[in-house]
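This briefing is for a reader who is new to the structure shown below. It goes through a few local features, grouped by topic.

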Amino acid sequence: MPTPQPTAIALLSGGLDSATAAALAQAAGYVVIGLSFDYGQRHRRELQAAADVASALQLAEHHTIAVNLASWGGSALTDQTIAVPTGGVQSGVIPSTYVPGRNTVFIALGLSLAEARGATKLVLGVNAVDYSGYPDCRPDYLSAFQTLADLASKSGREGHGAQLWAPLVLWSKTEIVREALRLKVPINTTWSCYSGGDRACGICDSCRIRDAALIEAGHPELASGALSSH
């Protein structure tokens with residue numbers, strides 16, 4: 001009897017990084033279940049992108065749940081009175097697009113689904129290179145959270161809890177784009193813009209980083225301004 005495929009839970013934002021990480025898990029032989037969050041983000045357009053990516057990658061399941069972090073704001077992504085930054089990422093400065101506690105909440109919920117489904121991996125598209133100011137996208141944070149995950153669950157205490165897997169954490173955005181192309185990730189269905197419109201703005205920090213990487217990788221036609229439907 002063939003060995004059943006292992007299961008992985010992929011946190012799927014709708015962006016390029018999380019889509020690429022999910023595709024990497026599939027390439028590694030995992031059955032992938034997607035998990036997305038409606039957290040009151042101004043760029044809710046990414047939730048449709050997450051659904052489109054889940055469909056294109058033919059994920060086994062895709063769940064979207066509401067966790068309203070906009071109730072108390074504290075970020076340009078959840079508070080309409082805070083402007084989305086467009087001046088570029090500054091070294092050593094945590095940008096206003098950081099959402100307090102977001103990844104801690106999302107990973108905890110992902111671990112819950114992983115334990116319920118018997119998944120052995122929780123796949124994260126976090127990246128510490130382009131968004132180095134985010135404290136919850138760094139290797140030391142992920143290592144500490146793994147320790148907590150192993151202690152916080154029945155499966156972890158029994159020695160078979162889900163492992164946090166962030167394959168892109170130290171990759172440049174251009175490397176991620178090239179890997180997405182290799183894996184045939186539907187880049188044109190992903191959404192990275194923070195500004196909350198129907199079309200990518202092309203000027204927020206997220207758009208700038210994405211577009212620069214697409215151009216460097218030889219695909220300027222996929223950059224924000226060139227798409228009729230980003």
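**Briefing on selected features**

The side chains of S153 and S155 are joined by a polar contact of 3.4 Å. The model is predicted.

**The serine contact**

- S153 sits in the loop that runs between α4 (139-152) and α5 (154-157).
- With a relative accessible area of 15%, S153 is buried, because buried means under 20%.

**Aromatic rings**

- A search of the whole structure gives 4 aromatic pairs.
- One of them is formed by Y98 and Y134, a tilted pair with 6.4 Å centre to centre and 55 degrees between the planes.
- Y98 belongs to the loop between β3 (61-66) and α3 (102-117), while Y134 belongs to the loop between β4 (121-123) and α4, so this pair ties together parts that are 36 residues apart in sequence.
- Y98 counts as partly exposed, at 23% relative accessibility, whereas Y134 is buried, with a relative accessible area of 3%.
- Y141 and F145 form an edge-to-face aromatic pair, 5.8 Å centre to centre and with 70 degrees between the planes.
- Helix α4 holds both Y141 and F145, which are 4 residues apart, about one turn of the helix.
- Both Y141 and F145 are buried.
- F37, Y39 and F106 are linked into a cluster by ring pairs.

**Packing of α6 against α7**

- Helix α6 (residues 173-182) packs with helix α7 (residues 205-216) at an angle of about 60 degrees, and their axes are 8 Å apart.
- This angle makes α6 oblique to α7.
- The crossing in which α6 passes α7 is right-handed.
- On the α6 side the contact is made by K173, T174, V177 and R178. On the α7 side it is made by I209, R210, A213, L214 and E216.

**Packing of α1 against α6**

- Helix α1 (residues 16-27) and α6 have axes that come within 10 Å and cross at roughly 50 degrees.
- α1 is therefore oblique to α6.
- The crossing in which α1 passes α6 is left-handed.
- From α1, the residues that make the contact are L16, D17, T20 and L24. From α6, they are K173, I176, V177, E179, A180 and R182.
- K173 and V177 of α6 take part in the contact with α7, and K173 and V177 are also listed for the contact with α1.

**Residues with positive phi**

- Most residues other than glycine have a negative phi.
- Q58 has a phi near 55 degrees, which is a positive value in a residue other than glycine.
- Q58 lies in the loop between α2 (45-56) and β3, and Q58 is exposed, with a relative accessible area of 69%.
- K184 is another residue other than glycine with a positive phi, near 60 degrees.
- The loop between α6 and α7 contains K184.
- K184 counts as exposed at 70% relative accessibility, because exposed means over 50%.

Key
Residues are numbered from 1 along each chain as its sequence is written. This is a predicted model: local features need pLDDT of at least 70, side-chain atom pairs count only at pLDDT 80 or more; totals for chains, interfaces and linings use all residues. Side-chain values use heavy atoms; hydrogens and water are left out. Helices (H or I, at least four residues) and strands (E, at least two) are DSSP runs, numbered from the N terminus. Buried means under 20% relative accessible area, exposed over 50%, partly exposed in between (1.4 Å probe, protein chains only). A polar contact is a pair of N or O atoms within 3.5 Å; within protein, one must be able to donate a hydrogen and the other to accept it, and residues adjacent in sequence count only if both atoms are side-chain atoms. Rings of Phe, Tyr and Trp (its six-membered ring) pair if their centres lie within 6.5 Å; planes under 30 degrees apart count as stacked, over 60 as edge-to-face and the rest as tilted. Axes are lines fitted to C-alpha atoms, for helices over the stretch in contact, and angles run from 0 to 180 degrees between N-to-C directions. Angles under 35 degrees count as roughly parallel, over 145 as roughly antiparallel, 65 to 115 as roughly perpendicular and the rest as oblique. A crossing is left-handed if the near helix is turned anticlockwise from the far one by less than a right angle, and right-handed if clockwise. Contact means heavy atoms within 4.5 Å.
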